[in-house]
Amino acid sequence: MRGGASQCRARVGRADLVRALDADPSEATFVSVAKLLGYSQEGEAAPTKPQKQEDKPGRKRPNASVPSANVGRSVEGSTEESPQETDDLTVPMTQVVPPPFWRMERITLLDNDPNVWNVPKRKTAEINIDSAPESTRVHQGAFRVPAGPPLRAWSRLWPELRDELCSHVAGREVDLPHLTRAWARGDTLGRIPLLRRRVWAPRVAVWLDVSARLVPFWEDQLDLCKRLSDVCGYTALSATVVKATGQGVHALNNGHTCEPTLPAGDVPLLVLGDLGMYASNVERHNWEDVGKQLRARGTKTRALVPVPPRCWNNSVGDLWSARPWERIRPVVQNAESDTNAPPDNRGKQGPLLAEHVQTGTELSPVEKLLRLMAPAALVEPGLLRALRRLLPAGEVDVGAEAEMTGHPDVRAADATGLVLHAEAAIRWRKAFAEAPETDLSTHLKERVSRVIEAFHSGLPPELIDGETLTWMAAISPHLSPPGDKEKALQRAEWLGDQLESAIGDPRQAAADLRSYASALMQSLPASRDATVSGLTRVRRALTLSCDPHWWGIRQVGPNLVFARLPDGKVPETNHLENPSPTGIQKRAVAAWPSQLKGPGSPIAWLYAAWPEVVWKRSDKTEGQQLILKDGLTLPIPREGEGEWIVQTDLSIVTLGARRRESWAVATGCDRYGAWADAEVKGVRVRFRWIPPGRFLMGSPDAEEGRYHNEGPRHWVTWTEGRWMMDAPVTQALWQAVMGNNPSRFESANRPVEQVSWNHCLEFAAKMSQERPELELRLPTEAEWEYACRAGTLTATWKGDLEILGGQNAPILGSIAWYSGNCGEDWDLTYGRDMPGRAWKGRQLAFAKGGTREVRLKEANPWGLYDMLGNVGEWCFDWFAEYDEPYKGADVNDPLPPQVGTGRVLRGGSWDDGARNARAATRGVSDPARAYNDVGFRLVRGARPASRSKPPAERSHVAGAANPPAEASQKSTLTEPARPKKT
């Protein structure tokens, strides 16, 4: 939304509009209220404001008191357009979303858990399929799949077919009535008249509709053709495979389509198909057109259609003299016949089947069938028919079989069988297991198990063993499974052994093994693994076999959308590797999902190796299990504020719904994530939500411009998020809080400088007195680098440096003010005289330089400006070498050291060369010293505790003016150390 001046006097107050929005937080209400407040939706013409005379056309000058923001949405207050409309992170908001918005509160990374990675390495490194127990080994030979029950038994079907496809020939018995009449008239008979009898027609044409939606009936069609061939003779039967298309009905000949040959007028035609009743109007009209042509030729047509009365169409059915293939006495609904039913159903079989017959549940016929078939991994057409016939007659009709092939829960459907999506299989198996006795009796569940066993006992034992494990884990350990429990448990143990041996093995045998295990485990709820011995081991081995990846979650309208993030490359150094059986690097990094193009706002990231995610309320033990994939969409819960959990095999992420922070005057989210504005003495300050996560602190040995004190690299994990100022503290804010301006380069929207570390603590204390709920403080060094990197691994968040000269690194031109560009378009009458200095090879040529206004360069992926360059920034920590507190080890929520040689400086400045404008560059200075290229920014939260108790002589750290003697000198950001310029 874009702000604009209201064109008329308001009839209601803003508080009334906010109350209305809170009562009905729908998108339509949000847009209406926003327009009443004078905003326009992105893409609409916003009300124009007259330009002030002092404004210079063509120059963007951000307001000193209200920070710029990206186009997004806010709960209260306005949002402005970002000054970087062409940067790499620009993602236009295409949909206005009403509050509340969501954000990432906490993360727990599980890849250091020994239960995840530390699987003992087996002695054998070879995959041995023949090592499977004899009882579970696949035997060579033909596999047998029993035929399913027919739609109608041949003994009941052939009399009707013979009547419709009949011919008459002379019999052996004398036609006595005809002979008597002839004698009475005195006629002379050339031969004795014989009685005629009905026989199958000498020639019969059969059309088989093989449309994909009729896959469950292909076996019935072929079986009927075979029986007709037996009774009519092979040469008398002409079978043609046809398929209706948008242009008409075509014959299929070796994959090519052609016009079907119409039978002669005296040859009856039988169609085995649905005549388009399951299809679109176009296909049904095509069948009607062909039927009219045949009727005009005098051809006798008949159709046998696997269509229930609820899907019947009289117009095409009457034209083809269609009859239902399956006839099951329906459930009684009322005493009246349906006039839209096929002719032979009227008054012959009683009342017709109701479209939605309910028996204690709200499931449709298709859903009832899905629930019944869910325990099977593969559902052949015959098995599908057999399971349907387990239900009471007429409760689930033949139409459910046809609808199953196009159901969204079905992943694959062909003549070999149906396979459900993993998420759907988990959902329907849960429905099968938890169905009440009045809906699915224990006896019926046992019959389902026996039917599955009958169909799959003649197939490879991997199938029935997997279904047995599925039954034991997801259905019930007490009901009899389809197969043998002992064999299935032996297979699970063997599978775990082989998977551990196959870790890192690229051969086809290993890939096939992992594929089988993946298909088995993806359709099982992870929370039930412990109920079956061996399954937990199989899932862990699969996790080891997969490469971990980071995934991003964006809020797009009323949905959460998942997308895989591009992985960063982690240097393969020994102290960075997890202890895995193969020594394979199992960690990845990824930038914050603001890099993803598209609508919405990034709210979280998560870590996963196994492509599976569980979505649940924080107060629940079980939730919805889904397959993790690009484009996975979850509707945002409408249950009010609260916390929800997104859990994978390697991470547990907590998401919280937020409307507005108690200390904020406006809040919202944009392409970078969540933001909130605080107001202190009339000056607005924007904070950005820094989500929890993990990063590699320090720089690799090969990074250009690296200093020795930037290693060893070590993993740092922040389990909780925090708010951080999106830019350094400005002179306008300092003036409002402290009543003075110590800066050399005076300008309201420039960062304040010439402030010491002690002054920063004093400022934070006074600002917190004005707004106690803010709890402001300096960031720790680890917090600062984490926020600067925003998930990236390179020297800057935009990439590694190519240093062409001490003051020339082209990549810094768009993201940082440093000694190579700080004087570009200089806008003050005074500044540091640059030409007289011995600085050669600068990126740009200019005469004067110094600090610049904040937020003029591009923001990093978290929406933070000027993290590199402009002014260096004070951090809370005492300076210490990394090998002292960390020694290259992983650390969670690190505490700052209280022993060191001075306070830490980060980020580089306008007065520093290119190598200092890197995320890993570390500086150190006396906390009592102040410089014209050093400022600071603050974060919200209580002061972090110390790793060790400070000595008595360091009691000044709370803000005393006199530092200890050992902190009186400053080591600058270059090597070797040099005094800081003043």
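What percentage of the 982 residues of the protein chain count as buried? The figure is 56%. Keep in mind that this is a predicted model.

**Stop 1: the whole chain**

Show the protein chain as a cartoon. It has 20 helices and 38 strands.

**Stop 2: helix H9**

Select residues 365-373. This is helix H9, and eight of its nine residues are buried. Colour the buried ones: Pro365, Val366, Lys368, Leu369, Leu370, Arg371, Leu372 and Met373. Which elements cover them? Bring up helix H10 (381-388) and helix H11 (399-405), which are among the covering parts.

**Stop 3: a patch on the surface**

Select Val174, Leu176, Ile192 and Leu194. Together they make a nonpolar surface patch of about 340 Å². Zoom in on Leu176, which is found in helix H5 (residues 176-185). Is Leu176 buried or exposed? Its relative accessible area is 55%, so it counts as exposed. The cut-off for that word is over 50%.

**Stop 4**

Select residues 549-556. This is strand E16, and eight of its eight residues are buried. Show the side chains. In a regular strand, side chains alternate between the two faces of the sheet. Here His549, Trp551, Ile553 and Gln555 point one way. Trp550, Gly552, Arg554 and Val556 point the other way.

E16 and E18 pair in the antiparallel sense over seven bridges. Find Arg554: it stands opposite Pro602 in E18.

Which residue of E17 is the bridge partner of Gly552? It is Ala563. Follow the chain through the hairpin of E16 and E17, which has two residues between the strands. Stop at Gly557, where phi is positive, near 60°.

**Stop 5: a three-stranded sheet**

Select E27, E28 and E34. They form an open sheet in the order E27-E28-E34, with mixed pairing. Strand E27 (693-697) and strand E34 (891-892) stand at the edges. Each has a single partner strand, so one side of each is left without a neighbour in the sheet.

Look at strand E28 (residues 714-718) beside E34. These two are parallel and share two bridges. Val716 has Val891, in E34, as its bridge partner. Now show helix H20 (residues 781-789), which packs on the sheet and touches E27 and E28. The direction of H20 makes about 100° with that of E27.

**Stop 6**

Arg906 is in strand E35 (residues 903-906) and Glu781 is in helix H20, so the pair ties together parts that are 125 residues apart in sequence. Both Arg906 and Glu781 are buried.

**Stop 7**

How many salt bridges does the structure hold? There are 51.

Select Asp220 and Arg385. Their closest N and O atoms are 2.9 Å apart, in a salt bridge. Asp220 belongs to helix H6 (residues 218-232) and Arg385 to helix H10, so this pair ties together parts that are 165 residues apart in sequence. Asp220 has 10% relative accessibility and counts as buried. Arg385 is buried too, with a relative accessible area of 2%.

Next, select Glu326 and Arg388. They form a salt bridge in which the closest N and O atoms are 2.8 Å apart. Glu326 sits in the loop between strand E13 (322-324) and H9, while Arg388 is in helix H10, 62 residues apart. Glu326 and Arg388 are buried.

Finish by showing Asp220, Glu326, Arg385, Arg388, Arg389 and Glu401 together. Salt bridges that share partners join them into one network.

Definitions and conventions:
Residues are numbered from 1 along each chain as its sequence is written. This is a predicted model: local features need pLDDT of at least 70, side-chain atom pairs count only at pLDDT 80 or more; totals for chains, interfaces and linings use all residues. Side-chain values use heavy atoms; hydrogens and water are left out. Buried means under 20% relative accessible area, exposed over 50%, partly exposed in between (1.4 Å probe, protein chains only). Helices (H or I, at least four residues) and strands (E, at least two) are DSSP runs, numbered from the N terminus. Contact means heavy atoms within 4.5 Å. Patches are made of residues with over 30% relative accessible area and no salt bridge: like charges are joined within 9 Å, nonpolar side chains (Val, Leu, Ile, Met, Phe, Trp, Tyr) within 5 Å. Accessible areas come from the Shrake-Rupley method with a 1.4 Å probe; for residues, only the protein chains shown count as cover. A salt bridge is a side-chain nitrogen of Lys or Arg within 4 Å of a carboxyl oxygen of Asp or Glu. Two strands pair if DSSP finds at least two bridges between them. Axes are lines fitted to C-alpha atoms, for helices over the stretch in contact, and angles run from 0 to 180 degrees between N-to-C directions.
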